[in-house]
Amino acid sequence: MIEARELTKRFGDIVALDNITASIRDREVFGLIGTNGAGKSTFLRCVSGIYKPDGGSVQIDGREVFEDREVKARFFFISDDQYFLPNSTPLEMGRFYGAYYPAFDMEHLRKYLKEFGLPEERKIGTFSKGMKKQLSVLLGLSAGTDYILCDETFDGLDPVMRQAVKSLFAREMENRGLTPVIASHNLRELEDICDHVGLLHRGGILLSRDIDELKLGVHKIQCVFREEGLPDELAVLNIIQKEARGRLHTLIVRGDEEEIRAVMSSVKPVFYELIPLSLEEIFITETEVAGYDIKKLILGE
Amino acid sequence: MTSRSLSSENKKHTGISMGALIRQGLRGHMALLLLGLVVMLFNYPVNLAMRLTETSRNFTGLEVVHEAASAAAVEQEALSTIGGADGPTSIFVAEKQVETLAGRLTEEANQVLLGNATLIPLIVGVAALLCAFSMFRWTYSRRQTDFYQALPVSRGKRFLASYLGGFLIMLICYAAGLLGALLTAAVFQVQDLMLVQAVLVNAGYLLQFLLIYTVTIIAILLCGNLAVGVMSAAWILGVGPVLYGLIYALKTASFDTLYDPAGKEDLLQYLSPVKYLVEYTYYPNMLGRQPDLSPGAFARLYGETAPHTVNILLLSAALTVLTFGIAFWLFRKRASEGAGNALAFPKVAMPIRILTTVAAAVYLSLFGFSMESLPWIIFLALAGALIVHGLMEGIFHLDVKAVLAHKLELLICMLLSVGLACIFWFDLPGINSWLPKQQEVASVSIYAPGYTQDSTEAVSQAESYYGRYGTEDYDPEGVYEARYYQTNSLAPRMALTEPAAVEAALKLGAEGVRQNNQNSRGERLDYDSREYVRVIYRMKDGKVNDRDFYVSKDTLRELIPELFAMEEYKEAAYPILTVPEEAAGSFGFAPARNVEVEDLPGWEVQDDMYYIYYMGEERQAYGPAGDREEFSQKLLTALQEDIREMDYQELKEYFNEQQARDERTGEDIPAADRSCLVYVTKEEITSRSLIPEERYGYDYVDTYPILDSFDHVKEVLAEYGLSL
């Protein structure tokens with residue numbers, strides 16, 4: 001398990017990470033979202049031992065990451081702009097990494113390259129941005145590490161490739177318990193792959209929750225009543241957000257689904273239905289409750 | 001395989017080996033390696049092949065003799081030019097040369113192997129910079145920093161791999177070059193190569209490479225950006241000599257009475273590793289002439305230069321270890337986020353800014369010194385500080401809008417610059433007006449080359465011993481260069497303790513200070529009626545104050561004969577006076593133009609003083625046939641007695657006569673009309689015996705014109721059948 005405790009990182013006067021405490025459980029996909037400059041990359045660089053924390057700690061299974069070769073050998077870091085050796089080919093990069101990662105599997109790499117249609121002996125310099133992204137993921141998966149840290153890795157991948165990569169992640173998680181940590185500024189990219197999501201903003205972590213927990217605990221209700229306004233009986237619900245257009249009300253309610261249905265039925269609306277919330281909507285709701293305008297933070301609206 | 005089993009396997013894995021890391025590093029720098037190989041192959045085997053071919057094609061024994069003679073004449077001419085009217089009167093002796101082609105080829109090959117006929121000093125310096133930047137430039141790239149620092153390798157191991165990789169590139173190229181040279185020599189069937197010396201010399205060059213390479217790495221690691229890194233390297237490699245130059249220029253511009261403005265600040269130059277490389281280049285140059293590698297022989301032949309070279313090497317080695325430790329520490333401490341920034345260690349910014357700003361501003365104010373204008377000095381210091389500080393701010397912030405980022409610091413820099421310039425302008429330390437109290441002075445030296453032009457001719461002859469007798473002046477550049485400075489070598493050797501001498505020195509000092517004050521007030525000195533005099537005051541507390549003054553000629557006319565009459569003055573001026581009889585070297589007799597000794601019975605041309613080239617005129621030295629040891633001992637004693645009795649007036653008349661003749665004939669050959677004794681010291685003879693037969697003979701031979709009063713000398717010559 002990766003654990004960050006009161007992790008702080010400063011660049012001069014700028015506090016990039018401010019007392020962040022978070023846990024990344026093994027065999028789960030951890031999504032790290034936040035706007036540009038929120039501190040996602042800094043967090044990953046601290047986790048991967050590139051940056052030395054100015055305060056707090058980052059540990060993997062109780063061992064500090066920074067300058068611990070054995071701990072660093074347990075993860076593979078893919079930066080948002082991955083570097084490849086000059087004039088190298090995918091296979092040469094594989095051999096390069098193979099010298100560092102004892103479990104690096106060249107056969108796996110060859111297989112992956114074939115599956116993704118990447119020429120194994122072509123100079124990487126001639127690859128498109130998307131091909132390089134794919135290659136860096138394939139190299140990371142072939143390294144056989146326990147963790148793979150991806151910084152904006154899905155940016156630049158077309159939907160098909162993105163789906164293929166996600167499938168690979170799932171397969172590796174299934175086969176050998178890989179734990180991917182994926183940073184992105186786009187919540188929609190993480191929605192269908194992450195088990196747990198952390199939201200970073202201005203160096204601090206706004207929330208860190210299991211997606212299932214988030215989805216199960218928050219509901220969206222669209223309902224129409226005979227009278228204007230909400231019936232007083234609905235006051236028993238934990239309504240965290242409400243919106244009305246005439247007699248059509250949209251409510252975001254926190255609580256158990258059955259209990260909510262029972263209350264809704266008791267007030268006899270003309271019409272009501274519970275609509276599943278997207279991850280994006282859940283975040284918007286949760287963070288607005290916390291006093292942040294999530295649309296600006298994540299969606300850029 | 002499961003995740004857990006993989007993890008445990010990783011933990012057992014010892015990580016990538018150092019060898020693999022270095023190999024990876026080399027693979028990434030193949031272009032540099034190839035460039036190095038090409039340069040070294042041109043520097044060694046190609047260069048040698050061309051030289052050997054040229055030598056073989058042009059060789060004729062006769063021409064070689066002629067060339068050797070010409071070289072000797074040219075060297076003597078250079079010495080005379082540098083010495084000027086007061087210059088050395090030593091005579092260069094070239095031995096008759098009989099060379100073989102094999103000998104010439106061996107000499108050419110040895111010169112190349114020892115790096116003398118190559119560009120190796122330049123290559124070492126440039127290669128150190130290129131290798132350092134090539135191996136550590138990745139630290140300036142955020143992408144590459146992410147890439148390398150995320151890999152499971154400790155920073156220490158990563159540093160060592162990069163460091164050794166750079167060194168290996170140089171080593172491979174160097175070895176290839178030398179091996180190529182050896183193969184070339186074998187193809188040309190060259191024999192008697194100085195292989196041991198070549199290994200030692202080139203190992204020394206590799207050490208110099210390591211020192212510059214390591215210091216450059218420190219400069220690189222302090223920064224996070226290539227352009228700033230290049231400036232940082234230039235700064236670190238140049239700061240010592242630049243500061244030295246600044247202090248020297250300020251002292252020269254301000255302290256008129258200081259004999260040696262360099263002073264101890266000369267040591268500042270040793271802050272730069274380039275200085276060690278430059279100093280070291282003298283070593284192989286001399287070693288090329290030295291077939292015997294034993295320390296004793298080396299010391300005998302090259303005097304004080306051998307220990308100096310050893311010191312340079314030891315210092316280079318110690319500094320390499322020290323700077324390696326600093327570089328290693330910096331690399332481990334260097335934050336990865338420094339990549340892309342101007343500085344990776346922001347704390348060094350302020351001291352570097354202040355030092356650079358103040359030094360540059362004061363440098364600029366030197367134009368004000370040359371204009372002798374205080375307002376200009378202040379203006380230039382202020383403007384210089386403003387401009388340079390702004391430039392530094394812009395560079396460090398990578399933002400031109402940040403030129404006034406630290407206003408208080410700028411103000412301090414301006415005040416420091418103006419203050420420092422004013423300290424020198426107003427001579428606040430009181431250097432120019434300093435004079436000692438008589439009771440504080442232990443001994444003095446007085447040397448007035450200008451006035452005593454008519455007397456120091458004989459003095460400077462005696463001074464040519466300097467370099468063999470080298471006492472106070474340390475001459476790291478070798479005995480040849482020592483000759484160039486010999487006009488001033490009398491002063492440090494002299495230590496007059498007689499009260500009259502001390503009084504004379506104080507009197508000269510007082511007048512010199514007064515004259516200097518007049519000059520400073522704008523009352524220009526009349527240099528036609530004044531002469532330069534160097535006075536050294538050695539204080540009882542051990543301090544030495546070495547001063548230059550301008551005093552009136554009348555003052556010197558009064559003082560010089562008094563000094564000449566002092567025993568200790570004469571002994572200082574003529575070191576031959578203190579040579580014991582048993583340490584006598586070898587004397588010869590060089591007849592004046594109008595003296596014929598061809599038919600002198602029992603005399604012969606001296607084999608070891610075969611040709612004398614003196615101001616372009618060829619003369620021969622003669623000696624009695626057979627063992628000349630007794631002859632030389634007798635002449636030494638006789639000459640010592642004659643010099644002790646020599647009257648200043650006679651010496652002056654002799655040189656007046658010579659000067660009149662020179663003016664009349666335009667020949668400028670003072671001793672041409674008078675027979676001389678020619679003397680080679682015992683040390684010179686010993687050194688000469690170490691040089692192969694085909695090389696030049698004695699480097700220097702001293703001449704003593706035989707004055708009319710030299711009765712003792714004449715008696716000895718008459719005893720051997722030569723009557724003057």
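**Helices, burial and contacts in a predicted model**

Tutor: The axes of helix H5 (residues 129-142) and helix H6 (residues 159-176) of chain A come within 11 Å and cross at roughly 5 degrees. This is a predicted model, in which local features need pLDDT of at least 70 and side-chain atom pairs count only at pLDDT 80 or more, while totals for chains, interfaces and linings use all residues. Residues are numbered from 1 along each chain as its sequence is written, and chains are lettered from A and ligands numbered from 1 in the order in which they are written.

Student: Why are H5(A) and H6(A) called roughly parallel?

Tutor: Axes are lines fitted to C-alpha atoms, for helices over the stretch in contact, and angles run from 0 to 180 degrees between N-to-C directions. Angles under 35 degrees count as roughly parallel, over 145 as roughly antiparallel, 65 to 115 as roughly perpendicular and the rest as oblique. The crossing angle is roughly 5 degrees, and H5(A) and H6(A) are therefore roughly parallel to each other.

Student: Which residues of H5(A) and H6(A) meet?

Tutor: Gly130(A), Gln134(A), Val137(A) and Leu141(A) of H5(A) meet Met161(A), Val165(A), Leu168(A) and Glu172(A) of H6(A). Two residues are in contact if their C-beta atoms, placed from the backbone, lie within 7 Å.

Student: What makes up this contact of H5(A) with H6(A), by residue class?

Tutor: It divides into 5 nonpolar, 2 polar and 1 charged. Ala, Val, Leu, Ile, Met, Phe, Trp, Tyr, Cys and Pro count as nonpolar, Asp, Glu, Lys and Arg as charged, and the others, Gly among them, as polar.

Student: Why is helix H1 (residues 40-47) of chain A called mostly covered?

Tutor: A residue is buried if 20 or more other C-beta atoms lie within 10 Å of its own, exposed if 12 or fewer, and partly exposed in between. In H1(A), 8 of its 8 residues are buried, among them Lys40(A), Phe43(A) and Arg45(A). Across chain A, buried residues make up 42% of the 301 residues.

Student: How many helices and strands are there in chain A?

Tutor: Chain A has 11 helices and 14 strands; helices (H or I, at least four residues) and strands (E, at least two) are DSSP runs, numbered from the N terminus.

Student: Which elements of chain A give two or more residues to the side that touches chain B?

Tutor: In total, 29 residues of chain A are in contact with 28 residues of chain B. Helix H2 (69-72) and helix H3 (90-100) of chain A are those elements. The residues on this side of chain A divide into 14 nonpolar, 5 polar and 10 charged.
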